[in-house]
Amino acid sequence: MAEVNYLPVLVAAVVVVVLGWLWYSPLLFYKSWMQLRGLDPVAAMAGAKMPGGKLLVEFVRCFLLAYVVARFVILLGLTTLLGAVHFGLFLWIGFPVILLTGSVLWENVPWKVAAIHAGDWLVKMLVIPIIVTLWR
């Protein structure tokens, strides 16, 4: 079995951390995301600092996710952009969408909050397989 190439895994992890930061930033969904959670976006932004420990944990999460996806890409023998996109869509539907639907159904998470998270996960589930599939 082929070994995972760690460079595209690292690059994919960095890319999705940056895209996740952008997703939840004031440039995209920060204001809606905060308001839907009952928080004041202006007040939260006033004292906002990016905690280094949380950023490190987020990077590790994304690195592990990219590694696992890369292993599946190898096991499935994916080599094309279309194959990577199909795989990413199936991953997205099969995991984050199902989990987020459960949080809406059973934990009373507002569906709009879940939709914002689902969009972030869609980006991750497309970007990672594309990078690790095409960079082989």
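Leaving out residues up to four places away in sequence, Thr 133 touches Val 73, Leu 78, Thr 79, Thr 80 and Ala 84; contact here means heavy atoms within 4.5 Å. This is a predicted model, where local features need pLDDT of at least 70 and side-chain atom pairs count only at pLDDT 80 or more, while totals for chains, interfaces and linings use all residues. Residues are numbered from 1 along each chain as its sequence is written, and side-chain values use heavy atoms, with hydrogens and water left out.

Thr 133 is found in helix 6. Helices are DSSP runs of H or I with at least four residues, numbered from the N terminus. Thr 133 is buried, at a relative accessible area of 3%. Buried means under 20% relative accessible area, exposed over 50%, and partly exposed in between, with a 1.4 Å probe and protein chains only. The side chain of Thr 133 also reaches the backbone oxygen of Pro 129, at 2.6 Å; a polar contact is a pair of N or O atoms within 3.5 Å, where within protein one must be able to donate a hydrogen and the other to accept it, and residues adjacent in sequence count only if both atoms are side-chain atoms.

Now to helix 5. Helix 5 covers residues 81-107, 27 residues in all, and reaches 36 Å from its first C-alpha to its last, close to the 39 Å expected at 1.5 Å a residue. That expected span is 1.5 Å times one less than the number of residues. Where is the kink in helix 5? A kink of about 35° lies at Trp 92, shortly before Pro 96; the bend is the angle between axes fitted to the seven residues ending there and the seven starting there.

Trp 92 and Pro 96 are both among the buried residues of helix 5, as are Ala 84 and Phe 87. The cover over these buried residues includes helix 4 (52-76) and helix 6 (111-134).

Phe 87 is buried, with a relative accessible area of 13%. The rings of Phe 87 and Phe 72 have centres 6.4 Å apart and planes at 50°, so the pair is tilted. Rings of Phe, Tyr and Trp (its six-membered ring) pair if their centres lie within 6.5 Å; planes under 30 degrees apart are stacked, over 60 edge-to-face, and the rest tilted. Phe 72 lies in helix 4 and Phe 87 in helix 5, so the pair ties together parts 15 residues apart in sequence.

Last, Asn 108 follows helix 5. Its phi is positive, near 60°, and Asn 108 counts as exposed at 65% relative accessibility.

Conventions: Helices (H or I, at least four residues) and strands (E, at least two) are DSSP runs, numbered from the N terminus.
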